[in-house]
Amino acid sequence: MDGIHDMGGMHGFGAVPTSDDVQFHAQWERETYAMMKLLGMQGQFNTHQMRATVERMAPKVYLESTYFERWLTGIEDRLLEDGVLSQEELREAHSTVSDGTKTQRSDDDLVSLVRERFSADAFSNQTEIDPRFEEGDSVVAKNSHPFGHTRLPGYVRRARGSIRKYLGTFHLPDAAARGDTSVTEPMYSVGFDAAELWGDDAEGNGTIYIDLFESYLESPESND
């Protein structure tokens, strides 16, 4: 989906602050992070479905929202769309936060689930697929404009680069965002010369490395 969320290479948004290394700036941000992770662990949605929901936010609202405000909006919208929450339940939840009457509960089963999912054995790799490209191969990022979620940035489309490293096999975000986690693909670290992306305005002889899935790439010969 081409939208305001795909901000790479765009001008006018100011410098990106880099001095603040604090992960959370308020308790509600910690709780939002925990909600997203726990809902994912319970199978309510996956990360790519969450991202796709956030990407549908109105551009003005998206730009005016902080990082975790976008997360919270995505969680609420996702639960409403899936019928897990009603508008009335959401309004009631908002009111308990506003007046300070929200309650906390203990859930031993949920604690056990979190510990299980965060164990070393829980993060096994997907079945490996033989990669089409090898280190050093020249590639071109496809000029693709899918309607749904994708991890192919707009500013890299049509650009030529080279395979730096094969990273392994992972769920394809485009399919996972639709709820289909059966599609897996090789993923690569691809290097692009800064001048290839930014032209004469590029700084020095820099190289930008982007992790891209195999279906996002093609050989230069097929692009000519």
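Begin by selecting arginine 157, which touches Asp2, Asp6, Ala141, Lys142, Asn143, Ser144, His145, Thr150 and Leu152 when residues up to four places away in sequence are not counted, contact here meaning heavy atoms within 4.5 Å. The model is a predicted one, in which local features need pLDDT of at least 70 and side-chain atom pairs count only at pLDDT 80 or more, while totals for chains, interfaces and linings use all residues. Residues are numbered from 1 along each chain as its sequence is written, and side-chain values use heavy atoms, with hydrogens and water left out.

Arginine 157 lies in the loop between strand 1 (138–141) and strand 2 (160–171), strands being DSSP runs of E with at least two residues, and helices runs of H or I with at least four, numbered from the N terminus. Arginine 157 counts as buried because its relative accessibility is 10%, where buried means under 20% relative accessible area with a 1.4 Å probe, protein chains only.

Now show the side chain of arginine 157, which reaches the backbone oxygen of leucine 152 at 2.9 Å.

Next, select helix 1 (residues 27–41) and helix 4 (residues 67–81), whose axes come within 10 Å and cross at roughly 40 degrees. Therefore helix 1 is oblique to helix 4, since angles under 35 degrees count as roughly parallel, over 145 as roughly antiparallel, 65 to 115 as roughly perpendicular and the rest as oblique.

To see where they meet, display Trp28, Glu29, Thr32, Tyr33, Met35, Met36 and Leu39 in helix 1 together with Phe68, Glu69, Trp71, Leu72, Ile75 and Leu79 in helix 4.

Notes. Axes fitted to C-alpha atoms, helices over the stretch in contact; angles between N-to-C directions. Buried < 20%, exposed > 50% of the residue type's maximum accessible area, 1.4 Å probe, protein only. Polar contact = N/O pair within 3.5 Å; in protein donor to acceptor, adjacent residues only side chain to side chain.
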